[in-house]
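Subject: Structure handover

Hi,

Here is the structure for your files. My notes on its pockets, cavities and domains follow.

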Amino acid sequence: MKKTDQKIFVTQPVLPALDEFTDLLKDIWGRKWLTNNGKYHQDFEKALADYLGVPYISLFSNGTLALISALQVLNITGEVITTPYSFVATTHALWWNNIKPVFVDVEPEFCNLDSKKIEAAITPKTTAILPVHVYGNPCDTEAIQEIADRYGLKVIYDAAHAFGVKQNGQSILNFGDLSILSFHATKVFNTIEGGAIVCHDEKTKKRIDYLKNFGFAGETEVIAPGINAKMNEVQSAFGLLQLKTIDKNILARKEIADFYCKHLDNIDGIERIVVPENLHYNYGYFPVFIDEQKYGMTRDALYEKLKANNIFGRRYFYPLISQFPTYRGLESARPENLPVAEMITDSVICLPIYPDLTRDDLKRILDIILNK
Ligand code: T4K
């Protein structure tokens with residue numbers, strides 16, 4: 001196969017050492033304890049809380065169920081203010097809870113919910129704000145908390161992209177009332193499928209644990225209509241092993257990001273997000289924003305050209321969630337209400353970034369971007 005025939009995707013999952021995983025599988029086979037808060041589940045929760053620097057974490061079978069459950073944990077109803085610039089799961093979680101999403105525009109620097117525009121969208125039915133730390137860059141958490149406190153609203157962060165991100169040395173998962181994580185195969189840290197809710201106190205952690213296990217608070221006691229959203233032992237063991245290499249993998253991602261920055265920063269019409277100095281970032285995504293006039297090619301033309309050369313960048317996030325049939329009829333989904341998000345969604349393309357991406361791969365990608 002020629003080098004150029006090899007497909008390069010936007011991401012490729014990191015896997016633990018197979019022999020180490022096999023050892024843990026043998027142990028699980030011996031124990032015959034496969035799910036429902038087994039040994040590996042407990043060990044993984046402890047190790048994760050420690051690694052992330054959070055007081056309480058509860059594992060889930062995926063990030064979407066974690067989000068859906070987080071809304072149940074806090075009894076959120078009515079209307080929730082959220083961003084149209086995210087993966088559909090963010091808004092779907094509201095829909096599954098019979099909550100009306102109210103879209104508010106994003107800001108252009110980090111593509112996160114624009115805190116200055118939140119207040120105007122609050123109504124008597126608003127009960128919470130659901131912002132997303134898009135690409136792992138923190139939202140304006142201080143301003144959001146201030147608004148939430150003033151209006152008596154809850155804040156749930158969709159932190160699906162924010163694994164390991166620290167601001168001034170503190171985990172950004174500790175902001176708001178709850179934060180949710182995704183450990184999907186495409187994420188910086190994966191357990192094949194998986195997710196978690198981070199909370200601040202033991203009482204809430206207990207409630208989360210009940211809700212993800214049908215609402216059971218004991219053998220015969222059901223405290224709420226819970227769901228089945230538990231992570232199993234095989235995935236928990238997989239996750240424990242993944243923690244061994246996460247720092248090395250984030251470093252490898254950083255080197256790729258540095259390569260892109262070095263070679264793309266002087267190209268007219270290609271903009272990127274500048275990672276703030278006070279951030280320990282995870283380099284989960286490398287979005288660039290194409291200015292058609294200056295670059296001389298549209299974002300979609302570049303996307304297609306990369307594809308024709310077996311390089312599969314992704315337009316995260318295009319289309320906006322507000323443009324999908326389920327949501328586009330909402331008043332807040334009107335394009336004139338979301339000018340910044342509309343502009344970003346038409347210019348973004350996420351370039352491949354993952355630890356095993358080689359220098360040759362990077363040169364192949366760069367060549368296509370440079371030689372218009
Ligand atoms: N909130 C936010 C902000 C999110 O971004 C997400 C998920 C969620 C909530 C929900 O969390 P989960 O319920 O998923 O835990 C992917 C992921 O499926 C999704 O998890 C992720 N966000 C989203 C941003 O990206 P797709 O449809 O782009 O995935 P897919 O299958 O096209 O994969 C992308 C590329 O990755 C493929 O072209 C090749 C590569 N790949 C993928 C898989 C699954 C591999 O090389 N190996 C693999 O096993 O949504």
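The largest pocket has a volume of about 680 Å³. A pocket here is an open set of points on a 1 Å grid over the protein atoms alone, with protein on both sides within 12 Å along at least five of seven lines; lining residues have an atom within 4 Å of a point. Grid points are joined across faces, edges and corners, and a volume is the space filled by probe spheres set on the points.

This is a predicted model: local features need pLDDT of at least 70, side-chain atom pairs count only at pLDDT 80 or more, and totals for chains, interfaces and linings use all residues. Residues are numbered from 1 along each chain as its sequence is written, and side-chain values use heavy atoms, with hydrogens and water left out.

Back to the largest pocket. Its lining has 33 residues, and Phe 87, Thr 186, Lys 187, Tyr 316 and Phe 317 lie nearest the centre. By class, 17 are nonpolar, 11 polar and 5 charged. (Ala, Val, Leu, Ile, Met, Phe, Trp, Tyr, Cys and Pro count as nonpolar, Asp, Glu, Lys and Arg as charged, and the others, Gly among them, as polar.) Domain 1 (18-105 + 112-242) and domain 2 (246-370) each give at least three residues to this lining. Domain bounds come from an automatic or database domain assignment.

The second largest pocket has a volume of about 430 Å³. It is lined by 16 residues, with Asn 36, Asn 37, Asp 209, Lys 212 and Asn 213 closest to its centre. That lining divides into 3 nonpolar, 6 polar and 7 charged residues.

Now the domains. Their centres, taken over C-alpha atoms, are 25 Å apart. In contact are 34 residues of domain 1 and 35 residues of domain 2; contact means heavy atoms within 4.5 Å.

A cavity is a set of grid points where a 1.4 Å probe fits but cannot get out. The largest cavity has a volume of about 50 Å³. Its lining includes His 161, Lys 187 and Tyr 285, and draws at least three residues from each domain. The second largest cavity holds about 40 Å³. Val 188, Phe 189 and Asn 249 are among the residues that line this second cavity. By class, the second cavity's lining has 4 nonpolar, 4 polar and no charged residues.

Best wishes
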